[in-house]
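Please work through the exercises below with the sequence and the structure side by side, and try each task before reading its solution.

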Amino acid sequence: MRNISLFNTDHHKFILLNESEPGEEDGIRSNQYLVSHDEHGVLLDPGGFGVMPRVLTELLRHTGPESIKAIMLSHQDPDIVGGIATWLEMTQAPVYVSQIWLRFLPHYGLSSMERFIGVPDEGMRCDLAPGFSLDLIPAHFLHSEGQINVYDPVSRILFTGDIGAAMMPPGVEDAYVDDFEAHLPYIEGFHRRYMASNRAARLWVDAVSELDIQMIAPQHGPVYRGGAVQAFLDWFRHLECGVDLMVSAGRFLRKSQP
Ligand SMILES: [Fe+2]
Ligand SMILES: [Fe+2]
């Protein structure tokens, strides 16, 4: 699934560049996004080393690497950061990631951290060009201890990293979630195990509910739109997950859907 326009006007675009396929990396399929405004672009979670050539190919349909003004990393996982050394060579862009991950990222083989900007726990606004700003929204413990979302106030799309992520069966290529109930089997197990707790989920839902959200764009699986946006937020607000389900050091409750 490639080059899906989630929002597209003369000046502003939000593009799902690429959903990696199992053959491109041995790991999980993942989404890489471009937000662009006039000649300025921003990459969201550019992906692991294996998908980099495909992401570049898709990027070149829209703009060149020299126009990338920032790279946002939702968290520290290898399916997000694994290709960053090459993106640092190809662009001049600063890279935004939670401040708590700055000391760990050099282990991805980076020779310098000069272009990395540590995002404070409370988040920040990034002014990228006249009329082009993105908000970095805290989403800590969902699942990473230092997790950030990216909200684009022009398209009103919220990029959520692993929140809302789906593990789709092979061969299912839906770009969007329209029927949340039908989608639930693809997200429930992941969220129950990987998301830290209901408290973290609830505080995040309360915070993002202040935003006008047209779509939720996760790092894995299809994009939520229409009624699926609110349906996902309502479900996640009440989800018992992570430490809520621990009954002993090595055992978790297997809860069925309330
Ligand atoms: Fe992750
Ligand atoms: Fe992920």
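**Exercise 1.** How many residues of strand β3 (residues 31–37) are buried?

Solution. This is a predicted model, in which local features need pLDDT of at least 70, side-chain atom pairs count only at pLDDT 80 or more, and totals for chains, interfaces and linings use all residues. Residues are numbered from 1 along each chain as its sequence is written, while chains are lettered from A and ligands numbered from 1 in the order in which they are written. Strands are DSSP runs of E with at least two residues, and helices are runs of H or I with at least four, numbered from the N terminus. A residue is buried if 20 or more other C-beta atoms, placed from the backbone, lie within 10 Å of its own. By this count, seven of the seven residues of β3 are buried. N31, Y33, V35 and H37 point one way, whereas Q32, L34 and S36 point the other way.

**Exercise 2.** Which strands pair with β3?

Solution. Two strands pair if DSSP finds at least two bridges between them. Strand β2 (residues 12–19) pairs with β3 in the antiparallel sense over seven bridges, and E19 has N31 as its bridge partner. Strand β4 (residues 40–44) is also antiparallel to β3, with five bridges, and here Y33 stands opposite L44. β3 and β4 form a hairpin with two residues between them, and D38 in the turn has a positive phi of about 50°.

**Exercise 3.** What is the order of the strands in the open sheet of seven strands?

Solution. The order is β8-β9-β10-β11-β13-β14-β12, with mixed pairing. The edge strands, β8 (124–129) and β12 (176–177), each pair on one side only.

Technical notes:
A residue is buried if 20 or more other C-beta atoms lie within 10 Å of its own, exposed if 12 or fewer, and partly exposed in between; C-beta atoms are placed from the backbone.
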